[in-house]
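Subject: Structure for you to look at

Hello,

Here is the structure I promised to send. Please open it alongside this note; the findings follow below.

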Amino acid sequence: MNSLFLPPSLVLLPPTCKSSLYLQTKPQFICTLNCHHHGHNLSTLSHSPRLSLRFQLSMRHRAIDATVPSNEGTVSVINFEDFFEKDWSFLELDELSSKEQIQKIDRIISAGEINETSRVLVATGAEGFVDRVVDSSPCNLLLVVHDSLFLLAGIKEKYDKVKCWQGEIIYVPEKWAPLDVVFLYFLPALPFTLDQVFETLANRCSPGARVVISHPLGKDVLQEQRKQFPDVIVSDLPDQTTLQKIAANHSFEIAKFVDEPGFYLVILKSCEAKN
C-alpha cells in the first residue's frame, strides 16, 4: 500500500477499492474510510480533539504536488486519479435559501412520509437537504449516498449518527436494506439508466416503500444546469409515461406525479411483497 509522508507527519493513502484512507496529523489522531466494492463507507470520526475531515481532504489536494524531503525516505509511485472531485456546487443553490424554496424542500421531504422507524436513503442530495431531513424527520436510519467525499465529510462532521457511503446507488451494500424511504434528490446526475436504478431499488426496498424523485427548481432550471455542468448532469428528468413503464417492470407504481414550472416531484411505491 503506497503512502506519501509530508510534514507534519501527514499520511495520505489513495482512496481506491484496494485500500483504506487514513488521514492524520499525529499518530493518535486517525480518521478512516473503510473500503467496499464500488464505494467507501465513511466511518465514525473517533479522534479527539476533532480535526475537520473536510479540512484534511482539502490538505490532501494541496499535498498532491508537494516535494518529499530526502530525509523522509523513498516513496513509491502514487496514483491520485481516483480522488478526482466533480463540481457539485449546483446542488447548493442560493435560491433554496428563500422561504418559498424551503417550503418546496419540506414538500419533498413530506412526500417520503418518514416516521421514527423508517430506514431512509438520500442519494445525490444537497447538504442543505440532509440538514432539513435531520431537523424535521427523526428516523431509525439515515443513509446518505454520494459521489463527493467533501460533501459526505461535511455531513459526517455535523451528524455522527448519519451513515455516509461514497459511491453510486446501484452498488450500495445490502446490509442497510430493507429501505422504507428513498430520496433520489438529483436523479439526472446518476450515470445509470432508470432500469438499472429501479432494479437496485426493487432489491433494497421494503414492501410499500416510497421512492421520491425531485428537483426543487424544476425542469427548466435543470436544462440550464446541464449546460453548465455537462460532466456531472448526464440526463433529464423522466416524463410520466417513461417512468411509469420502467417502474412497473420492477413492481413500483406512481402514486403522485408533479411537473410544474419551478418544481418537479414524483412519488412511487413498492407494490410487491419481498421474500
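First, a term: a polar contact is a pair of N or O atoms within 3.5 Å; within protein, one atom must be able to donate a hydrogen and the other to accept it, and residues adjacent in sequence count only if both atoms are side-chain atoms. This is a predicted model, in which local features need pLDDT of at least 70, side-chain atom pairs count only at pLDDT 80 or more, and totals for chains, interfaces and linings use all residues. Residues are numbered from 1 along each chain as its sequence is written, and side-chain values use heavy atoms, with hydrogens and water left out.

Overall picture

The protein chain has seven helices and 12 strands. These are DSSP runs numbered from the N terminus (helices: H or I, at least four residues; strands: E, at least two). Of the 275 residues, 50% are buried. Buried means under 20% relative accessible area, exposed over 50%, and partly exposed in between (1.4 Å probe, protein chains only). Take the contacts between residues at least 6 apart in sequence: 60% of them join residues at least 24 apart. Contact here means heavy atoms within 4.5 Å.

Helix H4 and its start

Helix H4 covers residues 149-158, and eight of its 10 residues are buried, so the rest of the structure largely encloses it. Among the buried ones are Leu-149, Phe-150, Leu-151 and Lys-156. At the start of H4, a side-chain oxygen of Ser-148 comes to within 3.4 Å of the backbone nitrogen of Phe-150. Asp-147 is held in a polar contact too: the side chain of Gln-166 reaches its backbone oxygen at 2.9 Å. Gln-166 belongs to strand E8 and is buried, with a relative accessible area of 13%.

The core

The largest nonpolar core has 67 residues. Such a core is a set of buried Ala, Val, Leu, Ile, Met, Phe, Trp, Tyr and Cys residues joined through side-chain atoms within 4.5 Å. Phe-129, Ile-169, Leu-184, Phe-198, Leu-201 and Ile-213 touch the most other members. Strand E12 (residues 263-270) gives the most to this core, with six residues. Leaving aside neighbours within four places in sequence, the contacts of Leu-184 include Ala-123, Ile-169, Leu-201 and Ile-213.

Cavities

The whole structure holds two cavities of 30 Å³ or more. A cavity is a set of points, on a 1 Å grid over the protein atoms alone, where a 1.4 Å probe fits but cannot get out; lining residues have an atom within 4 Å of a point. Thirteen residues line it, and the closest to its centre are Thr-124, Asp-147, Gly-167, Glu-168 and Leu-190. By class, the lining has seven nonpolar, three polar and three charged residues.

Backbone points to check

Two non-glycine residues have positive phi. Thr-124 has phi near 50°. Thr-124 sits in the loop between E6 and helix H3 (127-136) and is buried, at 6% relative accessible area. Glu-113 has phi of about 50°. Glu-113 is in the loop between helix H2 (99-111) and strand E6 (119-123), but is exposed, at 52%. Finally, a cis peptide bond joins Ala-177 and Pro-178, with omega about 0°. Pro-178 lies in the loop between strand E8 (163-167) and strand E9 (179-184).

Best wishes

Methods:
1 Å grid on protein atoms, 1.4 Å probe; cavity = no way out; pocket = protein on both sides within 12 Å on 5 of 7 lines; lining within 4 Å. Points joined across faces, edges and corners; volume = space filled by probe spheres on them. Nonpolar A, V, L, I, M, F, W, Y, C, P; charged D, E, K, R; others polar.
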